[in-house]
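Student: Could you take me through the place where the two chains meet, and take your time over it?

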2 protein chains.
Amino acid sequence: MKYLIFANRARKEGFENVERLFEAIAFAEFVHARNHFEALGSVKDTAENLQVAIDGEDWESEEMYPAYRAVAELQNESMAIRSIDFALQAEKFHSEFYARAKRAVESGRDIEIGEIYICEVYSYMADLKVERCPVCGAGSERFRKF
Amino acid sequence: MKYLIFANRARKEGFENVERLFEAIAFAEFVHARNHFEALGSVKDTAENLQVAIDGEDWESEEMYPAYRAVAELQNESMAIRSIDFALQAEKFHSEFYARAKRAVESGRDIEIGEIYICEVYSYMADLKVERCPVCGAGSERFRKF
């Protein structure tokens with residue numbers, strides 16, 4: 001995550017090769033994480049992985065972020081509050097999408113879903129192409145398609 | 001990281017839409033991480049970011065992984081030992097590449113580097129295209145180009 005963030009910054013400063021270096025090493029770190037995660041026996045089948053994802057998202061929106069938010073409010077950190085609020089809202093959507101996927105997979109089917117769009121500003125998620133982000137107003141060019 | 005690992009697994013099971021869903025939400029989580037990291041004031045200029053990266057890699061290869069390795073050896077966890085050894089070795093290369101990049105950036109130049117290849121098995125890193133991974137023997141189709 002950190003290296004991908006640093007890659008963005010390097011691009012903004014015009015260092016395109018440093019950007020690529022950060023991206024390449026971020027992928028190397030993904031390979032390490034996957035190997036460690038497999039050594040731990042933490043990769044199950046997809047139905048179980050989806051449940052792990054649902055539990056993680058629910059914990060984030062019900063416990064983790066509310067606790068972070070209380071501290072940010074106490075400390076009057078408005079930028080942190082905004083960043084937390086957008087993430088908290090997104091995690092609820094993630095949990096719903098994962099639950100839909102789990103129901104499909106448990107019936108032996110793939111989830112029926114078209115193109116998925118994620119806004120790169122606050123991560124608003126849509127499964128139809130939108131003109132503008134309804135959360136932050138960003139144009140469709142700020143959405144990444146999956 | 002976890003969602004990208006789960007995406008790989010979903011593909012292996014033939015759930016291509018679930019794979020896309022995991023990848024889309026992994027990107028959403030990147031957006032959250034970046035926003036939180038920015039709220040924390042942790043994104044500096046590229047020369048400083050490179051020093052943060054160097055310090056992190058050196059800590060991993062000099063302190064973190066040796067400690068993990070001692071525990072894995074004590075517990076006779078051969079898969080963990082292998083996973084740790086490959087990662088530890090890779091972090092040393094990462095640190096050297098980042099140090100080269102930092103010297104360039106501090107002179108106001110981009111790092112001079114061609115295509116970068118990362119082996120997806122154990123993350124061996126090469127800046128020239130190789131026929132086979134010298135570490136694990138994987139063919140060039142297992143290398144990702146950056």
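Tutor: Here's a walk through the contact between the chains, starting with how the copies relate. This is a predicted model, with local features needing pLDDT of at least 70 and side-chain atom pairs counting only at pLDDT 80 or more, while totals for chains, interfaces and linings use all residues. Residues are numbered from 1 along each chain as its sequence is written, chains are lettered from A and ligands numbered from 1 in the order in which they are written, and side-chain values use heavy atoms, with hydrogens and water left out.

Two copies of a chain are related by a rotation about an axis and a shift along it. The same surface serves both copies, as 100% of the contact residues of chain B recur in chain A; contact means heavy atoms within 4.5 Å.

As for the amount of contact, chain B puts in 76 residues and chain A puts in 76 residues. Between them they bury about 6,500 Å², and carbon and sulfur atoms give 69% of it (buried area being the accessible area, with a 1.4 Å probe, that two parts lose on being put together, summed over both). Ile5(B), Leu21(B) and Phe27(B) supply 10% of the area that chain B buries against chain A, more than any other three residues.

Now zoom in on one helix pair. Helix α1 of chain A (residues 2–12) packs on helix α2 of chain B (residues 16–39) at about 70°, with the axes 10 Å apart; the axes are lines fitted to C-alpha atoms over the stretch in contact, and angles run from 0 to 180 degrees between N-to-C directions. Helices are DSSP runs (H or I, at least four residues), numbered from the N terminus. That makes α1(A) roughly perpendicular to α2(B), a label for angles of 65 to 115 degrees.

On the α1(A) side you'll find Lys2(A), Leu4(A), Ile5(A), Phe6(A) and Asn8(A), and they meet Phe30(B), Ala33(B), Arg34(B) and Phe37(B) in α2(B). Sorted by class, this contact has six nonpolar, one polar and two charged residues.

Notes. Helix = DSSP H or I, 4+ residues; strand = E, 2+ residues; numbered from the N terminus. Parallel < 35°, antiparallel > 145°, perpendicular 65-115°, else oblique. Nonpolar A, V, L, I, M, F, W, Y, C, P; charged D, E, K, R; others polar.
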